[in-house]
Amino acid sequence: DVYFTPISIPYLIQFLYEMIVLDLQGIYNLSGSDRVSKFEFAKRLANFYQLPEELIKPISISDIQLKAIRPKEMSLSTKKLENALNKKMPNLLKNLESIF
């Protein structure tokens, strides 16, 4: 029940470099384009690496005793950055493929 928009390190570096070259000023959200739950992310990651998805079990963040409170919604809008770079942020599959 926690949602986010993951991005791989290779894409993160690429887009940070492009932002520096363009001398972008201000606040920009840099993330992938797919909003997924942590559970869905784990399942898709396992599937990508051909690992058994059935070993991944869902749990609510409310059931975990975390020291720091975390929000359930951590997705970011990248529209401002996409406009500045004139390109779309990569989806989850492209992010996974960029790792290897």
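1. Asp-1 is partly exposed, with a relative accessible area of 33%, where buried means under 20%, exposed over 50% and partly exposed in between, computed with a 1.4 Å probe and protein chains only. The structure is a predicted model, in which local features need pLDDT of at least 70 and side-chain atom pairs count only at pLDDT 80 or more, whereas totals for chains, interfaces and linings use all residues. Residues are numbered from 1 along each chain as its sequence is written, and side-chain values use heavy atoms, with hydrogens and water left out.

2. Asp-1 forms a salt bridge with Lys-72, the closest N and O atoms being 3.1 Å apart; the term requires a side-chain nitrogen of Lys or Arg within 4 Å of a carboxyl oxygen of Asp or Glu. Because Asp-1 belongs to the segment before strand 1 and Lys-72 to the loop between helix 2 and helix 3 (79–85), this pair ties together parts that are 71 residues apart in sequence. Helices (H or I, at least four residues) and strands (E, at least two) are DSSP runs numbered from the N terminus. Lys-72 is partly exposed, at 40% relative accessible area.

3. By the salt-bridge rule the count comes to four, and another of them joins Glu-18 to Lys-87, with 3.0 Å between the closest N and O atoms. Glu-18 lies in helix 1 and Lys-87 in the loop between helix 3 and helix 4, so this pair ties together parts that are 69 residues apart in sequence. Glu-18 is buried, with a relative accessible area of 18%, whereas Lys-87 counts as partly exposed at 31%.

4. Arg-35 forms a salt bridge with Glu-73, and the closest N and O atoms of this pair are 2.7 Å apart. The pair links distant parts of the chain, since Arg-35 is in the loop between helix 1 and strand 2 and Glu-73 in the loop between helix 2 and helix 3, 38 residues apart. Arg-35 counts as partly exposed at 46% relative accessibility, and Glu-73 counts as partly exposed at 41%.

5. Arg-35 has a further contact to inspect, for its charged end sits over the ring of Tyr-3, 3.9 Å from the ring centre. The criterion asks that NZ of Lys or CZ of Arg be within 6 Å of the ring centre and within 35 degrees of the ring normal. The charged end of Lys-38 likewise sits over the ring of Phe-4, at 4.3 Å from its centre.

6. Rings of Phe, Tyr and Trp (its six-membered ring) pair if their centres lie within 6.5 Å, and planes under 30 degrees apart count as stacked, over 60 as edge-to-face and the rest as tilted. By this rule the count comes to three aromatic pairs, among them Phe-4 and Phe-41, which are edge-to-face with 5.4 Å centre to centre and 75° between the planes. Phe-4 lies in strand 1 (residues 3–4) and Phe-41 in helix 2 (residues 38–48), so the pair ties together parts that are 37 residues apart in sequence. Phe-4 counts as buried at 16% relative accessibility, whereas Phe-41 is partly exposed at 22%.

7. Phe-48 and Tyr-49 form an aromatic pair that is also edge-to-face, at 5.1 Å centre to centre and with 85° between the planes. Phe-48 is partly exposed, with a relative accessible area of 29%, and Tyr-49 is partly exposed as well, with 32%.

8. Tyr-49 also contributes, together with Leu-51, Ile-99 and Phe-100, to a nonpolar surface patch of about 450 Å². Patches are made of residues with over 30% relative accessible area and no salt bridge, like charges being joined within 9 Å and nonpolar side chains (Val, Leu, Ile, Met, Phe, Trp, Tyr) within 5 Å. Accessible areas come from the Shrake-Rupley method with a 1.4 Å probe, and for residues only the protein chains shown count as cover. Ile-99 lies in helix 4 (residues 92–99) and is partly exposed, at 42% relative accessible area.

9. Two serines deserve a look. Ser-31 is found in the loop between helix 1 (9–21) and strand 2 (36–37) and counts as buried at 2% relative accessibility. The side chain of Ser-31 makes a polar contact with the side chain of Thr-5 at 3.0 Å, the term denoting a pair of N or O atoms within 3.5 Å where, within protein, one must be able to donate a hydrogen and the other to accept it, and residues adjacent in sequence count only if both atoms are side-chain atoms. Ser-37 lies in strand 2 and is buried, with a relative accessible area of 10%, while its side chain reaches the backbone nitrogen of Glu-40 at 2.9 Å.
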